[in-house]
Amino acid sequence: IKWFQKSAEQGHVEAQYQLGLIYVFGSGVEVDKKKSLKWLTKAAEQGHVEAQFELSVSYCLGEVEDDLEESFYWQKIAAEQGHAEAQHRMGENYLNGYDVVQNDALAIEWFRESAKQGNEEALSGLKDMLRFLENECESYDADYDDRNFDLIDDGPKEELISKIVFVLEEVQQINKGGEEVVVCEEDLERDREIAMPNAKPFSGICVDYNNGQKTYEGSLRNG
């Protein structure tokens, strides 16, 4: 640990991050919230995205301090730097109104950025939204009008469905070179017809979300 300490004191960002983790988990030393907060913050302030995300999780779990505002602050910074799990959690924040004003359009955007990096929980979030919107478009429940779509006034529910469908196609195209991300083509086409009845059909894609269901049994840290 002395080499991490020496490098961290000299401003080495990775050493600061690793030293912060050592004190978070008590790896060879006693757990020390103050020291973990000190070194994780120093690394995060230098732009270390994993340190930023770790700070977010640690604040949320009370491992450094119990401060949800700080947790969201660092989560947002990590997400803006491209951290896929932080982006997924931003989507969850906006979808459910956790620490922010509920906003489906922003939820879609954050899920999109995360899903483009292969985050399956973000993909699952998009599919869950699509299912919810399908049902609401059929029933038009009164309380649904209270949600903030931040979209045009003319048919916002249909606009959201259309946006999600296009995002799913975009993610499929990005990820098709790797592990196959499968919504059945028929499901996408059906939902697209609801939103855009006069549009031409999609060229075939098949996106399978059955393996992307939310698994919150895992720790916050691991997503």
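In this predicted model, Phe111 touches His88, Gly91, Glu92, Leu95, Ala122, Gly125, Leu126 and Met129, leaving aside residues up to four places away in sequence. Phe111 belongs to the largest nonpolar core, which has 28 residues. Together with Ile108, Leu126, Met129 and Ile164, Phe111 touches the most other members of that core. Helices H4, H5, H6, H7, H8 and H9 each give two or more residues to this core. H9 (156–175) provides the largest share, seven residues.

Now take H4, residues 49–61. Its buried residues are Ala51, Gln52, Phe53, Glu54, Leu55, Ser56, Val57, Ser58 and Tyr59. They pack against H2 (13–25), H3 (33–45), H5 and H6. Does the length of H4 agree or disagree with its residue count? The 13 residues should span 18 Å at 1.5 Å a residue, and the end C-alpha atoms are 18 Å apart, so the length agrees. Gly62 follows H4, with a positive phi near 75°.

Next, confidence. The mean pLDDT of the protein is 76. Of its residues, 70% reach 70 or more.

| Stretch | pLDDT | Contacts in the model beyond near neighbours in sequence |
|---|---|---|
| Residues 139–155 | under 50 | 33 contacts |
| Residues 178–219 | below 50 | 82 contacts |

For residues 139–155, the contacts counted are those beyond four places in sequence.

Methods:
Residues are numbered from 1 along each chain as its sequence is written. This is a predicted model: local features need pLDDT of at least 70, side-chain atom pairs count only at pLDDT 80 or more; totals for chains, interfaces and linings use all residues. Side-chain values use heavy atoms; hydrogens and water are left out. A nonpolar core is a set of buried Ala, Val, Leu, Ile, Met, Phe, Trp, Tyr and Cys residues joined through side-chain atoms within 4.5 Å. Buried means under 20% relative accessible area, exposed over 50%, partly exposed in between (1.4 Å probe, protein chains only). Helices (H or I, at least four residues) and strands (E, at least two) are DSSP runs, numbered from the N terminus. Contact means heavy atoms within 4.5 Å. The expected span of a helix is 1.5 Å times one less than its number of residues. pLDDT is the predictor's confidence in each residue, from 0 to 100.
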